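This report goes through one protein chain step by step. Please look at the sequence and the structure before reading on.

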Amino acid sequence: MPAAKKPADDETLEDAPFTFTVGGKSYTLPNAGKHAEQVPGGITMDAVANPDDMMIQMRLGFAMLAVAKPTPKALEALRSLPTSDMLEVFGRWMGESSGSSD
């Protein structure tokens with residue numbers, strides 16, 4: 001299962017990139033929270049109006065990933081994971097970016 005790294009003590013969750021490991025190599029994704037304002041409003045409205053709809057939440061997450069513009073290598077590494085591992089890493093990325101402790 002891929003590992004994720006928490007921000008360093010001197011970094012805030014708002015500023016810290018998210019680090020994950022695939023095949024022993026570490027990759028980082030930009031912090032989604034810094035780019036959330038660039039997500040189209042309709043996607044955000046749908047997610048807020050339907051917090052229990054996981055498909056809508058995933059659509060919001062993928063929109064945030066798109067506007068965060070991760071490096072091609074990090075995106076390739078994320079996409080290379082089996083679906084369950086990719087969703088786990090993606091969920092942790094979203095949780096850390098929102099300040100969630102889950």
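In which helix do Phe90 and Trp93 lie, and how many residues apart are they? Both are in helix H4, with a spacing of 3 residues, about one turn of the helix. The model discussed here is a predicted one.

**Overall layout**

The protein chain holds 4 helices and 3 strands. Read from the N terminus, the order of the elements is β-β-β-α-α-α-α. Of the 102 residues in the chain, 35% are buried. Among contacts with a separation of 6 or more, 58% are between residues 24 or more positions apart. The accessible surface of the chain is about 6,300 Å², and carbon and sulfur atoms account for 57% of that surface.

**The hairpin**

Strand S2 covers residues 18-22 and pairs with S3 in the antiparallel sense, over 5 bridges. Within this pairing, Thr21 is opposite Ser26 in S3. A cluster of rings, linked by ring pairs, is made up of Phe18, Phe20 and Tyr27.

In soluble globular proteins, nonpolar side chains tend to be buried together. The largest nonpolar core of this model has 25 residues, and those that touch the most other members are Phe20, Leu29, Val39, Met64, Leu78 and Trp93. Two or more residues of this core come from each of S2, S3, H1, helix H2 (54-68), helix H3 (72-80) and helix H4 (83-98). H2 gives the largest share, 7 residues.

Apart from neighbours within four places in sequence, Val39 is in contact with Thr44, Leu60, Ala63, Met64 and Val67.

**Aromatic pairs**

A pair of aromatic rings is described by the distance of the centres and the angle of the planes. The count for this model is 4 aromatic pairs. Two of the pairs share Phe90 and are set out below.

| Pair | Centre to centre | Angle between planes | Arrangement |
|---|---|---|---|
| Phe62 and Phe90 | 4.5 Å | 25° | stacked |
| Phe90 and Trp93 | 5.6 Å | 35° | tilted |

Trp93, at 0% relative accessibility, is buried.

**The loop between S3 and H1**

Lys34 is in the loop between strand S3 (25-29) and helix H1 (41-49). Its relative accessible area is 41%, so Lys34 is partly exposed. Although Lys34 and Met64 are 30 residues apart along the chain, their C-alpha atoms are separated by 9.5 Å.

His35 lies in the loop between S3 and H1 as well. Is His35 buried or exposed? At 19% relative accessibility, His35 counts as buried, because the cut-off is under 20%. Leaving aside neighbours within four places in sequence, the contacts of His35 are Pro30, Val67 and Ala68.

Lys69 is in the loop between H2 and H3. Lys69 is not a glycine, yet has a positive phi of about 50°. With 64% relative accessibility, Lys69 counts as exposed.

Which residues of H3 are buried? They are Ala74, Ala77 and Leu78. These residues cover an arc of only 100° around the axis, which means that they are on the same side of H3. The face of H3 turned away from that buried side carries the exposed residues Pro72, Lys73, Glu76 and Arg79.

Technical notes: Residues numbered from 1 in each chain as written. Predicted model: local features only at pLDDT ≥ 70, side-chain atom pairs only at ≥ 80, totals over all residues. Heavy atoms only, no water. Buried < 20%, exposed > 50% of the residue type's maximum accessible area, 1.4 Å probe, protein only. Contact = heavy atoms within 4.5 Å. Areas by Shrake-Rupley, 256 points an atom, 1.4 Å probe, with all protein chains shown as cover. Pairing = 2+ DSSP bridges. Core = buried A, V, L, I, M, F, W, Y, C linked by side-chain atoms within 4.5 Å. Phe/Tyr/Trp six-rings, centres within 6.5 Å; stacked < 30°, edge-to-face > 60°. Arc of directions from axis to C-beta.
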